[in-house]
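This report describes a metal site and a pocket. Please consult the sequence and the 3D structure shown below.

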Amino acid sequence: MRVDKKRCHVELDDGSVRLLAPRGKLFDKRGTTKNPIAVGDRVEVTIESDGTGSIDAVLPRRTKLARASAGEGTREQVLVANVDLVIVVSSIDNPTFRPTIVDRILAGAERGDMDACVVINKVDLEDEAADERESDAWLELYRKLGYEAIGTCAADGRGVERLRALMRDRICVVSGLSGVGKSSLLNAIEPGLSLRVGSVSERGAREGRHTTTHSSLIRLQNGAHVVDTPGIRNFGLFDIDPTEVAGLFREFQPYLGACNFDDCSHEHEPRCAILDAIREGVIPASRHASYLELLRDARGGRL
Ligand SMILES: Nc1nc2c(ncn2[C@@H]2O[C@H](COP(=O)(O)OP(=O)(O)OP(=O)(O)O)[C@@H](O)[C@H]2O)c(=O)[nH]1
Ligand SMILES: [Mg+2]
Ligand SMILES: [Zn+2]
């Protein structure tokens, strides 16, 4: 549930939480992994009759949300293990909707074999223009790609029940730009949770804290576990080969291999199956723009 320097908070099968220390042998692989145990890991423990105990083994991970360890680059830092669902939260206004951010997180989820859904929060801010909501257009776009997509309002509860049902019994990570209402949504999903909801001024400081390895899983009443993360920084697609990027856009996949050039980068090449699909309106132009940005990143250029 939570990993501190020397001890972990471990939820046992009966739902109780114990503070247990990992056995030394678990640190044998420190050369390649920064943290042998991550939040979300399933572990084997020994509990002695006097109540003390230890963590003896980490079970194989189904998925992992990882990044290159800060300042080192070569060691991997696993932020959360066994994530089932990445919840990508954004808003249309305040902060302004940025499809590239959404697509970047979706690509990260795709790369880590995690399921993902798209949530657009603060739909109440659009009530004045109720006949033509920008959020509806974006939600429809992502639904067509095969993602579950929900418009929500943490303030009045719209969409909250649907999101709660989607999270049931799964390990979830909430991600998105600062200020879109991630913590507010979790508070709406679980009354009594009381996560801190920030004013703009204190947001920067909190983000710094969240990105440490000390983030923790929160257990919800419906059996879901959730990590309230800040930033898309966690989804930096580190160490990715440029040729790998197109495969992370799920609607590109049927066209891969159908271009004129085997090494087509789908930027400007003639007889490119991806560019044709965009012209025909099958692939959204916004997705291609995001692809080009991630491709640039993968080649080592900055944004
Ligand atoms: N109008 C409106 N405001 C909202 C809604 N949800 C959250 N807010 C407001 O948006 C601001 C940011 O909310 P937070 O929940 O702190 O946002 P966050 O995504 O957790 O931000 P970080 O923790 O910094 O990443 C707060 O002032 C909330 O009251 C909503 O559905 N509608
Ligand atoms: Mg928050
Ligand atoms: Zn192509």
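Which strand gives the most to the lining of the largest pocket? That strand is β2, with four residues.

## Basis of the model

The model is predicted; local features need pLDDT of at least 70 and side-chain atom pairs pLDDT 80 or more, whereas totals for chains, interfaces and linings use all residues. Residues are numbered from 1 along each chain as its sequence is written, chains are lettered from A and ligands numbered from 1 in the order written, and side-chain values use heavy atoms, without hydrogens and water.

## The largest pocket

The volume of the largest pocket is about 640 Å³. (A pocket is an open set of points on a 1 Å grid over the protein atoms alone where a 1.4 Å probe fits, with protein on both sides within 12 Å along at least five of seven lines; lining residues have an atom within 4 Å of a point.)

Among the 28 lining residues, Glu11, Gly40, Asp41, Arg42 and Val43 lie nearest the centre of the pocket. The lining comprises 14 nonpolar, five polar and nine charged residues, with Gly counted as polar. Domain 1 (2-60) and domain 2 (80-235) each contribute at least three residues.

## The zinc site

Cys259 (SG), Cys264 (SG), His266 (ND1) and Cys272 (SG) coordinate the zinc ion (ligand 3) at 2.1 to 2.4 Å; donors are N, O and S atoms within 2.8 Å of the metal (3.2 Å for Na, K and Ca). Their spacing along the chain is C-x4-C-x1-H-x5-C.

The site of the zinc ion (ligand 3) is tetrahedral, with angles of 102 to 112 degrees among its four donor atoms; the term requires all angles to lie between 85 and 135 degrees. Cysteine 264 and cysteine 272 are both buried (under 20% relative accessible area, with a 1.4 Å probe and protein chains only).

How values were computed
Four donors count as tetrahedral if all angles lie between 85 and 135 degrees; four count as square planar and six as octahedral if opposite donors are over 155 degrees apart and all others between 65 and 115; anything else is irregular. Buried means under 20% relative accessible area, exposed over 50%, partly exposed in between (1.4 Å probe, protein chains only). Grid points are joined across faces, edges and corners, and a volume is the space filled by probe spheres set on the points. Helices (H or I, at least four residues) and strands (E, at least two) are DSSP runs, numbered from the N terminus. Domain bounds come from an automatic or database domain assignment.
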